[in-house]
Number of protein chains: 2
Amino acid sequence: MTGGKASRLKLKAQIYLGEHIAIGPGKADLLDAVRDTGSIAAAGRRLGISYRRTRDMIDTLNRCWGSPVVETARGGSSGGGSRLTQRGNEVLAAYRALEAALGQAAEGPVAALLGMLEEFGPDRQD
Amino acid sequence: MTGGKASRLKLKAQIYLGEHIAIGPGKADLLDAVRDTGSIAAAGRRLGISYRRTRDMIDTLNRCWGSPVVETARGGSSGGGSRLTQRGNEVLAAYRALEAALGQAAEGPVAALLGMLEEFGPDRQD
């Protein structure tokens with residue numbers, strides 16, 4: 001462990017419904033990627049996850065939230081256009097609001113911890 | 001997915017120093033257990049982790065924070081008394097303060113998400 005290593009906070013918030021993750025960082029990023037790419041397959045590729053896993057995540061989202069969060073254009077074939085439903089947009093926005101609130105609340109307490117790492121940490125170069 | 005499943009938030013905050021976790025839920029629980037049991041071995045047993053893993057976690061804590069967070073009584077043998085140092089208490093208290101701030105900040109946004117699960121979720125019984 002050498003001096004000058006970067007210290008940082010990693011935060012993860014997950015909403016469980018029973019044993020299923022209804023929304024968390026991975027599913028939120030997937031919804032973002034579907035919105036950006038207009039395609040479930042392209043969204044999975046962007047995130048580096050298999051098409052099978054991507055479909056499973058979308059299925060879990062759809063089941064947890066009671067109706068589709070992603071819809072595919074009528075007549076669309078594989079690779080065809082997909083987009084978030086209103087429900088998908090609402091769920092994603094509410095999750096990002098949670099992340100923003102957590103990030104803001106963390107600032108003071110994390111500064112205290114990082115200050116202790118700075119003060120106490122290994123290999124001070126002074 | 002049947003009706004009436006419990007929904008809940010799971011939050012995880014970790015402070016990284018380089019690639020090492022300087023403090024997170026597991027290490028905080030370990031420090032709590034050392035404080036409660038007065039023994040590194042007993043703390044590991046309480047948490048259901050091996051003695052080897054327990055020692056590794058303590059070693060990482062000690063290296064990240066620059067000096068011991070746990071001290072073992074002079075002359076103590078295996079099973080002998082261990083306790084948190086002042087630094088260990090400070091790190092643990094700062095981490096619990098972070099968790100408390102996050103929990104409080106989460107309340108409103110999580111209520112919104114749980115409300116959407118309640119409203120939209122599967123298998124409404126009405």
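**A walk through a two-chain model**

Among contacts in chain A (heavy atoms within 4.5 Å) between residues at least 6 apart in sequence, 52% join residues at least 24 apart. Before going on, note that this is a predicted model, where local features need pLDDT of at least 70 and side-chain atom pairs count only at pLDDT 80 or more, while totals for chains, interfaces and linings use all residues. Residues are numbered from 1 along each chain as its sequence is written, chains are lettered from A and ligands numbered from 1 in the order in which they are written, and side-chain values use heavy atoms, with hydrogens and water left out.

Let's start with chain A. It has four helices and four strands (DSSP runs numbered from the N terminus: H or I of at least four residues for helices, E of at least two for strands). Along the sequence they come in the pattern β-β-α-α-α-β-β-α. Of the 126 residues in chain A, 39% are buried (under 20% relative accessible area, with exposed being over 50% and partly exposed in between, using a 1.4 Å probe and protein chains only).

Now look at the strands. E1(A) (residues 7–17) pairs with E2(A) (residues 20–23) in the antiparallel sense over three bridges; two strands count as paired if DSSP finds at least two bridges between them. Ile15(A) sits opposite Ile23(A) there. The hairpin has two residues between its strands, and Gly18(A) takes a positive phi near 60°.

What about the inside? The largest nonpolar core has 64 residues, and Ile23(A), Trp65(A), Ile23(B) and Trp65(B) have the most contacts inside it. (A nonpolar core is a set of buried Ala, Val, Leu, Ile, Met, Phe, Trp, Tyr and Cys residues joined through side-chain atoms within 4.5 Å.) Leaving aside residues up to four places away in sequence, Ile23(A) touches residues including Trp65(A), Tyr95(A) and Leu113(B).

Over in chain B, helix H3 (residues 51–64) is worth a stop. Its buried residues include Thr54(B), Met57(B) and Leu61(B), and their cover includes helix H4 (86–120) of chain A. Thr54(B) counts as buried because its relative accessibility is 1%. After H3(B) comes Gly66(B), with a positive phi near 85°.

Finally, the charges. The structure holds 16 salt bridges over all chains. One of them joins Arg96(B) to Asp29(B), with the closest N and O atoms 2.9 Å apart. This pair links distant parts of the chain, since Arg96(B) is in helix H4 of chain B and Asp29(B) in helix H1, 67 residues apart. Arg96(B) also meets Asp32(B) at 2.6 Å, N to O, and Glu99(B) at 2.7 Å, N to O. In chain A, Asp29(A), Asp32(A), Arg35(A), Arg96(A) and Glu99(A) are linked in a network of salt bridges.

Key. A salt bridge is a side-chain nitrogen of Lys or Arg within 4 Å of a carboxyl oxygen of Asp or Glu.
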